[in-house]
Amino acid sequence: MPAKQKFWNPVLETLPPEKIKQLQLSKFKKIFRWTYENSKFHRRLYDNAGIKPEDIQSFKDIQRVPKVEKSMMRDIQRKDPFPYGEALCVPLDEVTIFRQTSGTTGQPVYQPDTWQDWEWWMECWSYILWAQGYRPQDRVFIPFGYNIFVAFWAGHYAAEKIGCEVIPGGVLDTKARILKIQELQATAMMGTPTYILGMAETARMKMDMDPAQLPISKITCAGECGASIPSTKKRLEEAWGAKVYDHAGATEIGAWSFECADQPGGMHVNEALFLVEIEDVETGEIIEAPGRRGKMVITALDRMAQPCVRFDSKDVIEWAAEPCSCGRTSRLIKGGVVGRADDITKVKGVLLAPSAIEEVVRSIEGLGDEYEVIVEKAGDADRIRLRVEVLPQAEDQCALIENELVDQLRLKTNLRYDIEICGCETLPRYEVKAKRFKDLREKK
Amino acid sequence: MVPQIDLHEINDKIQLLKKTAEELNRIGESFPAIARNTVRILASVKMLEINISDLVELG
């Protein structure tokens, strides 16, 4: 095994950009034809829009293909072929793997995969892990529940594919997981930023251990924004004495992007396997130039059982201006996924992205990792409360901390908050994805 | 450093592998150990195609 090779696929990952585009167009034509011919749901959608496979000759033609939203998938499922409905493109007996989305935004969407699709999941993750420095000599600990969400399942199998030794830390509680990492001298780990920070807190506060002394040297974070937020990444890396890398993927899409070992302040889109388009939220225009944020529309170019063709992900991203120093020619999205279009909300007439609050809270040294934001009505006006935890060693600096919070939040979000400083371990803890932003206002 | 490799030569071998696995799969129609194992082999072959053959096909 060529462990010294920098790239999982040295040819595809260094393709000239014009060749990448050529490859994407060729593959889009195939997946579009496959979907049109095998998915009754998609065929109806495309026939209603008056678009057929032979109409796809350019990227402009691709932009005419109607998008699919999660709500549309919810509507067609729980019907025959049960339970997937008419977006299923293969015979039911070829479906080997069932997963569902986390249900954070509504009723879960079911995701069927054939064994080939599952191999594809592992292949996508192999690109990611190799780029983050995982090699056969690594011992990888996976502290996740191995449940019905796809989460780190494919990360586990990809680590095996690469040749790592993989330790499933499923049923163990947090303390037992930390002890197992120490016992077996694990060198790498995967988890949500929330849980990885939580593990560090448990080690320090409940086990009198310094997680930075454990042999973990690299951590892959996914499942929520965090590892690309500089102050969160800094906390994670300092807590564990490890390099922390971001990855963005989704059950209904696949593992589409990753931060490489050069940590360029963004994530590569795996453009040989995924076609990413950035759509202006207001005009619907496709944004090609770097520096403008928009909503991601994505196609998984090789996913067959339930294809992902021009899926409106609601992830907010922007292209980076500069190529990465690592040598990969796939484009970077600057700052990773900076938020979700449906998370961005207006408070007191101002657009607010929750990730901006996280960046401020975690940049203040005297504050703990957890926080909570509550938006509610006070009469006719909006009120926004921020609850934070002060660390024991900073309890005499509450006034200073509050002032800094007020100043930084005003600067970064243009809003004034009611600040509530709580003691350590007061706020909720989360095992997987955090729900820190609570909008209690009545939805219109 | 990108190794010097002949993608066409590699692709020829991938296609040979695919053809052999497909034949075995047909033979294994009533032989579960052959049938199911060749399904897995063909899935892995597809990954080789994604990594190599799709690019070769572009010319």
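Which residue stands opposite A:Leu332 in S13(A)? The answer is in point 2. The model discussed here is predicted.

1. Eight strands of chain A form an open sheet with mixed pairing. Their order is S4-S3-S5-S6-S7-S8-S9-S13. Strand S4 (165-168) and strand S13 (332-334) of chain A are the edge strands, and each pairs on one side only. From one strand to the next, the twist averages 30°.

2. Strand S9 (residues 266-269) of chain A runs antiparallel to S13(A). Three bridges join these two strands. A:His268 is the residue that stands opposite A:Leu332 in S13(A).

3. Helix H5 (residues 115-131) of chain A lies across strand S6 (218-221), strand S7 (243-250) and strand S8 (254-258) of chain A. H5 of chain A runs at about 15° to S8(A). Helix H9 (residues 230-240) of chain A lies across S6 and S7 of chain A. The angle of H9 of chain A to S7(A) is about 130°.

4. Four strands of chain A make an open sheet in the order S10-S11-S12-S14, with antiparallel pairing. Strand S10 (274-279) and strand S14 (339-340) of chain A each have a single partner strand, so one side of each is left without a neighbour in the sheet. Inside the order, strand S11 (residues 294-300) and strand S12 (residues 311-317) of chain A are joined by four bridges and run antiparallel. A:Gly294 stands opposite A:Ile317 in S12(A).

5. **H10 against H11 in chain A.** Two packed helices are described by the angle between their axes and the distance between the axes. For helix H10 (residues 354-361) and helix H11 (residues 398-413) of chain A, the axes come within 10 Å and cross at roughly 145°. The crossing of H10(A) past H11(A) is right-handed. H10(A) contributes A:Ala356, A:Ile357, A:Glu359 and A:Val360. These meet A:Leu405, A:Gln408, A:Leu409, A:Lys412 and A:Thr413 in H11(A). By class, the residues of this contact are five nonpolar, two polar and two charged.

6. **Burial of H10 in chain A.** Which residues of H10(A) are buried? They are A:Ser355, A:Ile357, A:Glu358, A:Val360 and A:Val361. The buried residues of H10(A) pack against H9, S14, strand S17 (367-378), strand S18 (381-390) and H11 of chain A.

7. Helix H1 (residues 7-27) of chain B and H2(B) have axes that come within 9 Å and cross at roughly 160°. Angles over 145 degrees count as roughly antiparallel, and H1(B) and H2(B) are therefore roughly antiparallel to each other. H1(B) passes H2(B) in a left-handed crossing. The residues of their contact divide into 17 nonpolar, five polar and three charged.

8. **Contact between the chains.** The contact takes 15 residues from chain A and 14 residues from chain B. Which helix gives the most to the side of chain B that touches chain A? Helix H2 (residues 32-58) of chain B does, with eleven residues. The chain B side comprises nine nonpolar, two polar and three charged residues.

9. **Two cis peptide bonds.** Most residues other than glycine have a negative phi, and most peptide bonds are trans. Check the exceptions here. A:Asp80 and A:Pro81 are joined by a cis peptide bond with omega of about -10°. The bond from A:Phe82 to A:Pro83 is also cis, with omega near 0°. A:Pro81 is in the loop between helix H4 (70-76) and strand S1 (97-100) of chain A. A:Pro83 likewise sits in the loop between H4 and S1 of chain A.

10. **Two positive phi values.** A:Tyr146 is not a glycine, yet its phi is positive, about 50°. A:Tyr146 lies in the loop between strand S3 (139-142) and helix H6 (153-162) of chain A. A:Tyr146 has 14 other C-beta atoms within 10 Å and is partly exposed. A:Gln263, not a glycine either, has a positive phi of about 45°. Its place is the loop between S8 and S9 of chain A. A:Gln263 has 18 C-beta neighbours inside 10 Å and so counts as partly exposed.

Key. Residues are numbered from 1 along each chain as its sequence is written. Chains are lettered from A and ligands numbered from 1 in the order in which they are written. This is a predicted model: local features need pLDDT of at least 70, side-chain atom pairs count only at pLDDT 80 or more; totals for chains, interfaces and linings use all residues. Two residues are in contact if their C-beta atoms, placed from the backbone, lie within 7 Å. Ala, Val, Leu, Ile, Met, Phe, Trp, Tyr, Cys and Pro count as nonpolar, Asp, Glu, Lys and Arg as charged, and the others, Gly among them, as polar. Axes are lines fitted to C-alpha atoms, for helices over the stretch in contact, and angles run from 0 to 180 degrees between N-to-C directions. A crossing is left-handed if the near helix is turned anticlockwise from the far one by less than a right angle, and right-handed if clockwise. Two strands pair if DSSP finds at least two bridges between them. Angles under 35 degrees count as roughly parallel, over 145 as roughly antiparallel, 65 to 115 as roughly perpendicular and the rest as oblique. A residue is buried if 20 or more other C-beta atoms lie within 10 Å of its own, exposed if 12 or fewer, and partly exposed in between; C-beta atoms are placed from the backbone.
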